Amino acid sequence: MKGTGAVSCILIALLPLASGGNVEVCPGEGPRYGDHKCNHDGTHRVCAKLLDGAGKPLVWGRADFWEITHQKPYQWDNVIRANGGDSWCICMWAFARMIEAVGCDNVHLRCNATDVDFVLAQYKDR
């Protein structure tokens, strides 16, 4: 899946979930956004589940989020666990690249804690 395929996947997954601006807490997100929601800056609007039920990095197809995004040296799973959760607000563009890398079926998204309306508004048909 390349190019607009990732965007199509996002649209298909998110369109029925448009929240009307109501974004829930992203469980595990740190204090950088006071209320722990993914609706404050211009890019970190997707709440991605990064840890499994045992608190270990969740596999996204072939590897975990940190391996796929080349952030393994900075892996912050300990912070997510310390915050009592399993998720983190990630960049919507990085999320699109993750879909391209691993496919729609292998991404882990918390729709209720993702700023769906904002993400959809950024879509531009090419």
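Reply: First, a term: a helix here is a DSSP run of H or I, at least four residues long, numbered from the N terminus. Helix α4 covers residues 92-102. G103 follows α4, with a positive phi near 90°. The model is predicted, and the mean pLDDT of the protein chain is 85.

Me: Which residues of α4 are buried?
Reply: M92, A94, F95, A96, M98, I99 and V102.

Me: Why is G28 called buried?
Reply: Buried means under 20% relative accessible area. G28 has 4% relative accessibility, so G28 counts as buried. G28 is in the loop between α1 and β1. Its contacts include V79, I80 and W88. S87 is 59 residues away in sequence, yet the C-alpha atoms are 5.0 Å apart.

Me: How many aromatic pairs does the whole structure hold?
Reply: Six.

Me: What makes the pair of F65 and W76 edge-to-face?
Reply: Ring centres must lie within 6.5 Å, and planes over 60 degrees apart count as edge-to-face. The centres of F65 and W76 are 6.1 Å apart and the planes stand at 80°, so the pair is edge-to-face. F65 lies in helix α2 and W76 in the loop between α2 and α3, so the pair ties together parts 11 residues apart in sequence. Both F65 and W76 are buried.

Me: Why is the pair of W66 and W76 edge-to-face?
Reply: Their centres are 5.4 Å apart and their planes are at 85°, so this pair is edge-to-face. W66 and W76 are both buried.

Me: How do you know that the charged end of R45 sits over the ring of F118?
Reply: The distance limit is 6 Å from the ring centre. The charged end of R45 is 3.7 Å from the centre of the F118 ring.

Methods
Residues are numbered from 1 along each chain as its sequence is written. This is a predicted model: local features need pLDDT of at least 70, side-chain atom pairs count only at pLDDT 80 or more; totals for chains, interfaces and linings use all residues. Side-chain values use heavy atoms; hydrogens and water are left out. pLDDT is the predictor's confidence in each residue, from 0 to 100. Helices (H or I, at least four residues) and strands (E, at least two) are DSSP runs, numbered from the N terminus. Buried means under 20% relative accessible area, exposed over 50%, partly exposed in between (1.4 Å probe, protein chains only). Contact means heavy atoms within 4.5 Å. Rings of Phe, Tyr and Trp (its six-membered ring) pair if their centres lie within 6.5 Å; planes under 30 degrees apart count as stacked, over 60 as edge-to-face and the rest as tilted. A charge sits over a ring if NZ of Lys or CZ of Arg is within 6 Å of the ring centre and within 35 degrees of the ring normal. Lists of a residue's contacts leave out its neighbours within four places in sequence.
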